[in-house]
Amino acid sequence: MFNKKKTKASNDDTFLVMSSLGGDRDAFCEIVSRYQNLLCSLAYSSVGDIKQSEDIAQEVFVEAWKKLDSLLAPEKLKSWLCGILRFKLSHYRRKEEKQPLRNADEIDNTDLTANDSEMEDVAIREQQQALLWKALDKMDDIYREPLILFYREHNSVEHVARELDLSEDTAKQRLSRGRKLLQKSMIKYVEDALVKSKPGAGFTAAVLLSISGIAPPVKAAAIGAGAVKTGSLFNLASVLAFLVAWSGVISSFFGLKAVLVQSRTQRERQQAIKIVVLFMLFAIVFVAGMLLLKQLALSTSSDVSAFTIAAQLLALTFVASYLALVDYMFKAMRRLRFQERLLYPEAFLGQVDQKNAKQREYKSQFTLLGIPLFHFQFTKPEMGDKPAFGWIAGGNIAYGLLFAWGGVAIAPVSVGIVSFGVISIGAVGFGILGIGVVGIGVIGFGVSAIAYKAYASLSALGWESAFSSGFATAKEAAIGAIAQAPHVNNDMAAEVINLSGLSQNYLWILAVIAALVIIPAVWHSIKVQQRMKK
């Protein structure tokens, strides 16, 4: 029975390794979840410090991601990970022997500004860990390792045996001997403390954030072809993530096509290309700047507060620049169209270019409370034009009582370069749920997010919580590669941020964003070509 289960686990490991080599980070997340408790427990058994043991285990997983292509026998994944761990533990012990005053340094660096309650909590935790290790340190590794795993894995002898490659009888014998070695007065305390010290979602999230900026191993391209056959790389999440990542580019492409069809002179076409290039250039500079700040912060050993502040200032600068660009775009287009009508009247003789032409907009005859159900505009902005207004509206500037799409969109559900609403999606999105290159609101998603609860790929600034693979700063809890908050990269932070809820709704969020950004842009471009082409 034991061997049968072990063979099944090995086959699972092989599949996960092959998928990970193909670049599937979800598969590597499964590897982390599967072996994080084993590695953290073995590290703790060696170093006697819970925080340090988790740091070392995280380093092991990051190292494994970088060098996964050197694992010649994927079915031996667990042994390979343990080998990396043993090497890092050996290096850690040698380093500690050369730093006898490490604890004194930690005392010197203690935050003296913390209030009495916080200092008391820290002191109690440190005393508990010291007492816990005092009891465990007296026994040999062969008894300590099974004991730690046993209480961290809900008292499962079978699991301990499987993790340590022991028979169940041997595991039982070592556990029995380990219990006897514990001081009777410490048994209950040690059991409770080990249960509470088990690594959880915060540990997994911290590992994934650490590898987020690291490319898959060099064999990824070759093995990726095999992984594709299993369907692991091109699952729904991968497709949706790709669409969302490129939705802005796709939308800009169709927007440019529409504007070129609307243009009537060479100067108008040149202006359209110039404006699109400016928007793209500002976005590229913003993302490149964020990546540079992240790299500088990760590579420095000094205080990273300056880089964190710079990242937030860069996000605010991007917001201000896009607001200014949108204002410039509409004013410049109106001004140029006015000039071109005067200088080149022959270019505007077609029926579709007359200001009263029906092709210029569509307004539904059906109204509700006196407001059209649909109102869409299909022409370039001109002097005297009013915004599109309806229950569902689309145009250069659009106001919708339900939904709006355009350069500037204002509605309960809005999509635009700049959007305002309950749910807003755009390059800059302001809303209760703000989504964009910069998402601003109660809940914010984006490359950068500024919100009560902020979720971002590069920079998250949250009042309550922040989650990011780059900078994450919040008043209460943060998970990120460069995180600043009272609770950082731990289970408490994962609970406040609600990682489980995020993972459950992640696919839906991606699908909605992709659909709302891409579909209106494609539809509008098609309609413009049908209505406005000479």
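A nonpolar patch on the surface of this predicted model is formed by V422, I423, I432, V442, I443, Y452 and W463, which together have about 620 Å² of accessible area. Areas were computed by the Shrake-Rupley method with a 1.4 Å probe, and for residues only the protein chains shown count as cover. Patches consist of residues with over 30% relative accessible area and no salt bridge, like charges being joined within 9 Å and nonpolar side chains (Val, Leu, Ile, Met, Phe, Trp, Tyr) within 5 Å; a salt bridge is a side-chain nitrogen of Lys or Arg within 4 Å of a carboxyl oxygen of Asp or Glu. Because its relative accessibility is 41%, V442 counts as partly exposed, a class lying between buried (under 20% relative accessible area) and exposed (over 50%), with a 1.4 Å probe and protein chains only.

Residues are numbered from 1 along each chain as its sequence is written. Local features need pLDDT of at least 70 and side-chain atom pairs count only at pLDDT 80 or more, while totals for chains, interfaces and linings use all residues, and side-chain values use heavy atoms, with hydrogens and water left out.

The protein has 17 helices and ten strands, taken as DSSP runs numbered from the N terminus (helices: H or I, at least four residues; strands: E, at least two). Of its 534 residues, 46% count as buried. The accessible surface of the protein comes to about 27,100 Å², and 62% of this belongs to carbon and sulfur atoms.

Helix α3 (residues 50-66) comprises 17 residues and reaches 25 Å from its first C-alpha to its last, close to the expected 24 Å; the expected span is 1.5 Å times one less than the number of residues. Buried residues in α3 include I50, I56, V60, F61 and W65. At the start of α3, a side-chain oxygen of D49 comes to within 3.1 Å of the backbone nitrogen of K51, a polar contact (N or O atoms within 3.5 Å, one able to donate a hydrogen and the other to accept it; residues adjacent in sequence count only if both atoms are side-chain atoms).

In helix α14 (residues 266-299) lies K294, which is buried at a relative accessible area of 10%. A polar atom of the K294 side chain lies 3.0 Å from the backbone oxygen of S469. Helix α7 (residues 141-152) contains L147, which is also buried, with a relative accessible area of 0%. The C-alpha atoms of L147 and L175 are 5.8 Å apart, although 28 residues separate the two in sequence.
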